[in-house]
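Let's take a slow walk through this model together. Have the picture ready and follow along as we go.

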Amino acid sequence: MTGSDQNDAPDLKPCPFCGGTARIYHNTSPPGNSCEWHLASIVCSGCEIGVYQEVTPEEAISAWNRRVN
Ligand SMILES: [Zn+2]
């Protein structure tokens with residue numbers, strides 16, 4: 001394993017800028033003051049455009065797909 005959780009998500013649309021594959025990153029490490037905290041970010045593997053949201057992976061996927069639209 002590489003240490004970072006990277007998965008291709010089948011629900012993700014291609015990057016609107018370069019057409020590259022979007023990858024979703026999950027980070028469940030708390031920032032220090034929240035007991036229940038999730039960070040999911042989606043980043044293009046081509047141009048590194050991404051959405052960064054302190055939400056669930058599902059919401060991050062929705063945000064990415066809304067941006068594409
Ligand atoms: Zn891109």
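This is a predicted model: local features need pLDDT of at least 70, side-chain atom pairs count only at pLDDT 80 or more; totals for chains, interfaces and linings use all residues.

Is glycine 19 buried or exposed? Glycine 19 has 11 C-beta neighbours inside 10 Å, so it counts as exposed. You'll find this glycine in the loop between β1 (6–8) and β2. Glycine 46 sits 27 residues away from glycine 19 in sequence, yet the two are 7.9 Å apart in space, C-alpha to C-alpha.

Now step back for the overall plan. The protein has 1 helix and 4 strands, and reading along the sequence gives the pattern β-β-β-β-α. Of the 69 residues in the protein, 14% are buried. As for contacts between residues at least 6 apart in sequence, 32% of them join residues at least 24 apart.

Alanine 40 is in strand β3, and it counts as buried because 23 C-beta neighbours fall inside 10 Å. Alanine 60 lies 20 residues along the chain from alanine 40, and their C-alpha atoms are separated by 6.1 Å. Then there's isoleucine 42. Which residues does isoleucine 42 touch, leaving aside its neighbours within four places in sequence? The contacts are Leu12, Ala22, Arg23, Ile24, Gly50, Val51, Ala60, Ile61 and Trp64.

Glycine 50 lies in strand β4, and with 19 other C-beta atoms within 10 Å it is partly exposed. Setting aside neighbours within four places in sequence, glycine 50 is in contact with Ser41, Ile42, Val43 and Cys44. Isoleucine 24 is 26 residues from glycine 50 in sequence, with 9.3 Å between their C-alpha atoms.

Glutamate 48 lies in the loop between β3 and β4 (50–53), and it has a positive phi of about 65° although it is not a glycine. Why point this out? Most residues other than glycine have a negative phi. Glutamate 48 is also exposed, because it has 11 other C-beta atoms within 10 Å.

Finally, head over to the helix. Serine 62 lies in helix α1 (residues 57–68). It counts as partly exposed, since 15 C-beta neighbours lie inside 10 Å. Leucine 12 is 50 residues away from serine 62 along the chain, while the C-alpha atoms of the two are separated by 8.5 Å.

Terms used. Residues are numbered from 1 along each chain as its sequence is written. Helices (H or I, at least four residues) and strands (E, at least two) are DSSP runs, numbered from the N terminus. A residue is buried if 20 or more other C-beta atoms lie within 10 Å of its own, exposed if 12 or fewer, and partly exposed in between; C-beta atoms are placed from the backbone. Two residues are in contact if their C-beta atoms, placed from the backbone, lie within 7 Å.
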